[in-house]
Amino acid sequence: MLPGIGREGQERLKKAKVLVVGAGGLGCSVLQFLSTAGTGKIGIAEFDTVDEANLQRQVLFGTNDLGKLKSVIAKSRLEYLNSFIDFEIFNLKIGTTNARKISGQFDVIVDATDNLESRYIINDTCVILEKPMVHGSIYRNEGQVSVFNYKGGPTYRCFNPQKKDKKHLNPSPADVGILGVLAGITGTMMANEVIKIITGTGHILCGKILVFNIMSNSYRTFNIENIPENHEIKDIDTQFL
């Protein structure tokens, strides 16, 4: 019924293949809305197990799931939401040895990870395979969403050049604290970008990054410079000094 989407857009969703890397706070929301939207095939790449400390933001899991594989539990919950979707789980950590083989099976790659090394691996893989990367990240009260490597647009390295020292590693939610709703809001926005890419509707966050604060209700969009040399990646290099 929606203008610009209609039956054709729904058919595009049905044929689409999306890989979601990470089934944590961001990934749980992304996976839920891509499932209810009718995405044809969804890959879930997640190696971790359910932890009690994460339940306030990882809404696909419950107390009965503690210690179980997130990938397996997520697939079970999502099949309950939409049994017509082809779910494929990859119970492993996406790394330099497997990223290209796994990502090559999908049309859109979603970065729902929580560390810089994984983001560089996903970015470099998307550049090499010429696939769009939908990115989201959260810190305390602030969320960020963008789309990288979309139709020749800026890559993640254009936005965040790699610093080869450990002081630039991400702080964990356990160290700084986080509201669970922030993960849900950010993940929902990420799913929205995936749907827009697939259906060809709306304005894609390509060349821009949306930064928002849920406490001040502030929303800002920053332009990202497209640096040509960041499109010349031939192999994945993510080693920190």
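Entry 1: I began with Lys-196, which touches Thr-201, Gly-202, His-203 and Ile-204, leaving aside residues up to four places away in sequence; a contact here means heavy atoms within 4.5 Å. I found Lys-196 in helix 8, which covers residues 180–199. Its side chain reaches the backbone oxygen of His-203 at 2.7 Å. Lys-196 counts as buried because its relative accessible area is 14%, and I noted the cut-offs: buried is under 20%, exposed is over 50%, and partly exposed is in between, with a 1.4 Å probe and protein chains only.

**Entry 2: what I am looking at.** I reminded myself that this is a predicted model, where local features need pLDDT of at least 70 and side-chain atom pairs count only at pLDDT 80 or more, while totals for chains, interfaces and linings use all residues. Residues are numbered from 1 along each chain as its sequence is written, and side-chain values use heavy atoms, with hydrogens and water left out.

**Entry 3: the whole chain.** I counted 8 helices and 8 strands; these are DSSP runs numbered from the N terminus, helices being H or I with at least four residues and strands being E with at least two. Along its principal axes the C-alpha trace spans about 45 × 45 × 40 Å. Buried residues make up 51% of the 241 residues. Among contacts with a separation of 6 or more, 70% join residues 24 or more positions apart.

**Entry 4: a tyrosine.** Next I looked up Tyr-139, which sits in strand 5 (residues 133–139). Is Tyr-139 buried, exposed or partly exposed? Tyr-139 counts as partly exposed because its relative accessibility is 38%. I also checked Tyr-139 against Gly-177: they are 38 residues apart in sequence and 8.3 Å apart in space, C-alpha to C-alpha.

**Entry 5: a glutamate.** My last stop was Glu-225, in the segment after strand 8 (218–223). Glu-225 has 60% relative accessibility, so it counts as exposed. Which residues does Glu-225 touch, not counting those up to four places away in sequence? I found Pro-154 and Cys-158. I then compared Glu-225 with Gly-22: the two are 203 residues apart along the chain, and their C-alpha atoms are separated by 27 Å.

Technical notes: Polar contact = N/O pair within 3.5 Å; in protein donor to acceptor, adjacent residues only side chain to side chain.
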